[in-house]
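Dear colleague,

I am passing on the structure below, followed by notes on what was found in it. Please read them alongside the coordinates.

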Amino acid sequence: MLNDNEGRLRFLRRATDRPRRRFRRGVYLLPSLFTLGNMFCGYACVVYALRGEYQTAAAFIGLAIVLDMLDGRIARITGTESAFGLEFDSLADVISFGIAPAILSFAWGLSPLGRLGWAAGFVFVTAAAMRLARFNIQSGGGGDKRYFVGMPSPAAAAVPAATVYAFPFGLYDYREALPALAMVLVPALLMVSTIRFRSFKNLDLQTRRPARVLLLFATGLVLIAWLHQYVLVVMAYSYLASAFIGLAISRLRRRSATPAAADRGARPDATGETPRSIQR
């Protein structure tokens, strides 16, 4: 009888533990489903680009950016962050923000350039892979959460995607295709650079804000819904240019601060004499 009771208790414990384990697996699966959707959008972009439906292909990259923003936040909210999720997200990003925009750019406007065109696309894919690998290494090191080191791969993919979405008619002359090289190579170089880009991770949406902030968001949504083609282009290129603007402002501040520091160092001390180090 004692052995039978012990066996029943073990069976009941196993039965009560099963739903918890299944629930945990389901929660861990939730952010991975968003990552899988991100990867599907990258694959769909390639398919539609090869079919010549460039505007639809570019829209899939935009949807992949939204899903990429959601999977990480859902993992943090539900407490389901894992090493598997991080690696799976990186592999999906290589497809959606590396291979997909490169193939879209080549099919849309770089194909008249021949080998130069597909070489530029490969440079973009390589830069995206290097950017994601560097992000995985630096993600556990602390650092300043307000900035990204190098242009994020989703933002870099948004540049050709927004351009193609606004101007879906392909380029068939090599003279027209030459400016399209900058559309691919500039974001690629920025991804592997050390220029800092704003991350907006410190934006707290839970604190109280003035009512006009909500009105500003509503105005932005109306503009995107009304003039979405051109607004998305402005957003993509504005974020690209923001790094150069911030870099120029920081250098101007350093130059203005250097003469002020020199003036402070050249002032005479309490005895009315200039320090010897300045005299020399």
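A pocket here is an open set of points, on a 1 Å grid over the protein atoms alone, with protein on both sides within 12 Å along at least five of seven lines, and its lining residues have an atom within 4 Å of a point. The model is predicted, so local features need pLDDT of at least 70 and side-chain atom pairs count only at pLDDT 80 or more, while totals for chains, interfaces and linings use all residues. Residues are numbered from 1 along each chain as its sequence is written, and side-chain values use heavy atoms, without hydrogens and water.

The second largest pocket has a volume of about 370 Å³, a volume being the space filled by probe spheres set on the points. Of the 14 residues that line this pocket, Tyr147, Arg196, Gly246, Leu247 and Ser250 lie nearest its centre.

Turning to the helices, α4 (residues 115-138) has 24 residues and reaches 34 Å between its first and last C-alpha, close to the 34 Å expected at 1.5 Å times one less than its number of residues. Its buried residues (under 20% relative accessible area, 1.4 Å probe, protein chains only) include Phe124, Arg131 and Asn136. The buried residues of α4 pack against α3, β1, α5 and α7, contact meaning heavy atoms within 4.5 Å.

In α2, Tyr54, Asp68 and Asp71 are among the buried residues, and just after α2, glycine 79 takes a positive phi of about 65 degrees.

Best wishes

Conventions:
Helices (H or I, at least four residues) and strands (E, at least two) are DSSP runs, numbered from the N terminus. Buried means under 20% relative accessible area, exposed over 50%, partly exposed in between (1.4 Å probe, protein chains only). On a 1 Å grid over the protein atoms alone, a cavity is a set of points where a 1.4 Å probe fits but cannot get out, and a pocket is an open set with protein on both sides within 12 Å along at least five of seven lines; lining residues have an atom within 4 Å of a point.
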